[in-house]
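Please keep the sequence and the 3D view open while reading.

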Amino acid sequence: MRELFDAVRVGDLTLPNRIVMAPMTRNRAEVNGNPNELMARYYAQRSSFGLIITEGTQPAAVGQGYFRTAGMHTDAHEDGWRKIASRVHEAGGHIFVQLMHTGRIGHQELTGIPPIGPSAIAPAGKVFTGKRMAPFETPKAMGGADIEATKAAYVGAALRAIAAGCDGVEIHSANGYLPQQFLSDNSNHRTDEYGGSPEKRASFVVEIVEAVTEAIGAARVGIRISPGATVNDILESEIEATYGALLDRLSPLGLAYLHVIKQPSFDGITFSRDRWNGSLMVNTGVDDQDKVGSAKRLVKDGIADLVSFARLALANPDLPRRIKESRPLNSPDRNTFYTNEEAGYIDYPVLT
Ligand SMILES: Cc1cc2nc3c(=O)[nH]c(=O)nc-3n(C[C@H](O)[C@H](O)[C@H](O)COP(=O)(O)O)c2cc1C
């Protein structure tokens, strides 16, 4: 019988436990996307997790959707991540950088560049541009050159992550950002080889993963998906066909892991287990009232190889120890999730 504290292989790494810090945007980077000392302290504090997946990090300037998120497309970004990776490694941890291209979830007041997407369809909603809450813009429908430039940006960012000493990258294909905008038929109305059928809508994501895999090796590449998610104005009508097509093409690649987020309306965990022959990392979703109990059960039953925690990792730097010793958990303070301050970031108490 397996449990959360059994070691697990992820790519070429052996992780000491199966408890993963889920990716979380925290808006503490510098305005130019440079990672900083505060972030190094935050991640180093969480080095007892089997694996840390970082905040969503933009692979290109046009892929930045939020104020003060970190980048991985300049030398200064790479230097900042090098310091963070080394602090996490010194403390015995492992770190994958999540590459997040926000696509149509962005604003040119933030980046100086009009946002891009699979089709010229504006999402409903507003975004903070650093100055004001502004309605989303209609993105530029990506042409062939944009698609090639985007692939090159992911590859460039992945190479920088490895050069910075990080253990790998996670391609963020969940939660309504650019890759899921291609997967979903309400945001992708293309009639070329990237749209019109589940297989074609999956092609963009497959090509990104293949390009990154070729550059840094499959053992250092994970992917995150959220089949059926409706966040960021996504509405998928062919969930099983689309994600079936995606996983059929990704499963043979030998990736480090597949990271799937369960939705109230769709159990992506059960769906993925049958279609994935590598390590499966799961997140049971924000509606799960017993995150730790679910995690133990999913690992024990052989459904999940790893389980990620977001809000509990944010509030409990020593979550693995607390789970192991059945100690009380700190509660996350949502008022400080996205502020750019130390409070609510590096000051959650640890057990003494
Ligand atoms: C503050 C915050 C920031 C988040 N940022 C990201 C992100 O950058 N990338 C991502 O894939 N998911 C992000 N998420 C979603 C979480 O990774 C996770 O899927 C979700 O919170 C459910 O997990 P939980 O119940 O353990 O919190 C974020 C969640 C929170 C609470």
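A polar contact is a pair of N or O atoms within 3.5 Å; within protein, one atom must be able to donate a hydrogen and the other to accept it, and residues adjacent in sequence count only if both atoms are side-chain atoms. With that in mind, an N or O atom in the side chain of N283 is 3.1 Å from an oxygen atom of the ligand. The protein covers 91% of the 600 Å² of accessible area that the ligand has on its own (Shrake-Rupley method, 1.4 Å probe; for residues, only the protein chains shown count as cover).

The model is predicted: local features need pLDDT of at least 70, side-chain atom pairs count only at pLDDT 80 or more, and totals for chains, interfaces and linings use all residues. Residues are numbered from 1 along each chain as its sequence is written, and side-chain values use heavy atoms, with hydrogens and water left out.

R224 places a polar side-chain atom 2.7 Å from a ligand oxygen, while G56 has a backbone N or O atom 3.2 Å from an oxygen atom of the ligand. Around the ligand there are 19 residues (one heavy atom within 4 Å of it), of which T25, R224, K291, A310 and R311 come nearest. This shell divides into 9 nonpolar, 7 polar and 3 charged residues; Ala, Val, Leu, Ile, Met, Phe, Trp, Tyr, Cys and Pro count as nonpolar, Asp, Glu, Lys and Arg as charged, and the others, Gly among them, as polar.

Next comes R18, in the loop between β2 (13-15) and β3 (19-21). Strands are DSSP runs of E, at least two residues, and helices are runs of H or I, at least four, numbered from the N terminus. R18 is buried (under 20% relative accessible area; exposed is over 50%, partly exposed in between; 1.4 Å probe, protein chains only). The side chain of R18 does reach the backbone oxygen of A7, at 3.1 Å.

Finally, R68 lies in the loop between β4 (51-57) and α2 (75-90). Its phi is near 60 degrees, a positive value in a residue other than glycine. R68 is buried, with a relative accessible area of 18%.

Notes. Lys, Arg positive; Asp, Glu negative; His and termini not counted. Salt bridge = Lys/Arg side-chain N within 4 Å of Asp/Glu carboxyl O.
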